[in-house]
Amino acid sequence: MQTYVHELEGWPDFTWDKGKLLQKLATVRNRQGRLSGRMEELGFKLKTEATLEALTEEVTKSSEIEGEILNRDQVRSSIARRLGVDIGALTPSERNVEGVVEMMLDATGKYSTPLTSERLFGWHAALFPTGRSGMNKINVGAWRTDQTGPMQVISGAIGHEHVHYEAPKSALLAEEMKTFIDWFNVQQDIDPVMKAAIAHLWFVTIHPFDDGNGRIARAIADMTLARSENSSQRFYSMSAQIRQERKAYYDILEATQKGELDITAWLEWFLDCLDRAFDTADTILASVLRKARFWKAQAGQTFNDRQRAMIDRLFDGFEGKLTTSKWATLTKSSQDTALRDVDDLVARGVLKKDAAGGRSTSYALIDADGATDK
């Protein structure tokens, strides 16, 4: 019979090989410091814009890891409203989007506030405002009860199921979570980045809720990373990187949960993944600076609200090709109005018509450096 890590004598006293992790941790800490330094040079407005983009990535990709696709525009609008960022017309957000955003901003914005069971219950209730996960009614804002059987992570067809993991019994949750929360809130001789990795693994191993455990575990990790930087401003997205490495993420979690109390392999993977996540900060920073250069170059020029909103949307990562039909749909304008808006920007050298032409004519943004943004 499979033995899981939480069933081992000594749980949850994790151990690790400091020697194997020393260089990786030093590399991550160095990149954290350099990134913070670069962002400090941007000034308040650009730092806030970078935070908006990073948090939008974090919220959308953390949900995507679990197979839930959120509307990016709704997420961005919800975060912008809370951060006080002017992005033009705001997209109304659904309740589930508002809930995920509330959880993430509470975790990162109040990173120094102690974690409590009530705070976790609030996060969970925010994730599931209808009291359901899909079609299934779940226990919201409370630990799971296992009334329908043990909490298992399973894949495969009925009759050929593969159990990846089985969490601690519900009767143990109150004590398990008390131990975790007490550990999380006490200052230990552990680097905060390492603590983020341990907290992520520990929480998702306990799996205290009917659903949403992965998203809450990643929010806890983000909260701890914010503590490690002593800043609520986020310039990179760990979840975006995990999404790219989703299979490896689940594989290392399963191996660790079926392994021993030595979690060196998990910590190595987490630090490597975090290191790669810093690359997304470079992408975010480049986008924010390109937008700033563009609007500086266009100082004194007049744009209508639709044009300003669409230009910003193109800089922020427009999916697919821009056509006049999409312009009309997104700006809630007529096809004729969309065509006039677009033709005006082409004439002014802001947009460039793609070569295809015809009914499939699409347009690309030319930034302040004269490069076409495909």
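Colleague: How many aromatic pairs does the structure hold?
Modeller: The structure holds 21 aromatic pairs. A pair here means rings of Phe, Tyr or Trp (for Trp, its six-membered ring) with centres within 6.5 Å; planes under 30 degrees apart are called stacked, over 60 edge-to-face, and the rest tilted.

Colleague: Before I go on, what am I looking at?
Modeller: It's a predicted model, where local features need pLDDT of at least 70 and side-chain atom pairs count only at pLDDT 80 or more, while totals for chains, interfaces and linings use all residues. Numbering runs from 1 along each chain as its sequence is written, and side-chain values use heavy atoms, with hydrogens and water left out.

Colleague: OK, back to rings. What kind of pair do Y249 and Y250 form?
Modeller: Y249 and Y250 make a tilted pair, 5.2 Å centre to centre and with 50 degrees between the planes.

Colleague: What else is buried on α5?
Modeller: Besides F121, the buried residues of α5 are R119, L120, W123, H124, A126 and L127.

Colleague: Which helices do they pack against?
Modeller: The buried residues of α5 pack against α4, α6 (173-185), α7 (192-206) and α8 (213-229).

Colleague: Now the backbone. Which phi value does H207 have?
Modeller: H207 has a positive phi of about 50 degrees, although it isn't a glycine. H207 is in the loop between α7 and α8, and it's buried, with a relative accessible area of 13%.

Colleague: What about N230, buried or exposed?
Modeller: N230 counts as exposed, at 60% relative accessibility. Phi of N230 is also positive, near 55 degrees, in a residue other than glycine. You'll find N230 in the loop between α8 and α9 (238-244).

Colleague: Changing topic: which residues does L322 contact?
Modeller: Leaving aside neighbours within four places in sequence, L322 is in contact with M310, L314, W327, L351, T361, S362 and Y363. Contact means heavy atoms within 4.5 Å. L322 lies in the loop between α12 (305-315) and α13 (324-331), and at 1% relative accessibility L322 counts as buried.

Colleague: How far is L322 from A255?
Modeller: Their C-alpha atoms are separated by 44 Å, and the two are 67 residues apart along the chain.

Colleague: What does E245 touch?
Modeller: E245 touches W269, C273 and R276, not counting residues up to four places away in sequence. E245 is in the loop between α9 and α10 (246-257) and counts as buried at 15% relative accessibility.

Colleague: And P92, where does that one lie?
Modeller: P92 is in the loop between α3 (72-83) and α4 (95-109), and counts as exposed at 69% relative accessibility.

Colleague: Zoom out for me. How many helices and strands are there?
Modeller: The protein chain has 14 helices and seven strands. Those are DSSP runs numbered from the N terminus: H or I, at least four residues, for helices, and E, at least two, for strands.

Colleague: Why call the chain as compact as a globular protein of that length?
Modeller: Because its radius of gyration is 23 Å, close to the 21 Å that the globule rule gives for 374 residues. The radius is taken over C-alpha atoms, and the rule is 2.2 Å times the number of residues to the power 0.38. The C-alpha atoms fill a box of roughly 70 × 45 × 35 Å along the principal axes.

Colleague: How much of the chain is buried?
Modeller: Buried residues make up 50% of the 374 residues.

Technical notes. Buried < 20%, exposed > 50% of the residue type's maximum accessible area, 1.4 Å probe, protein only.
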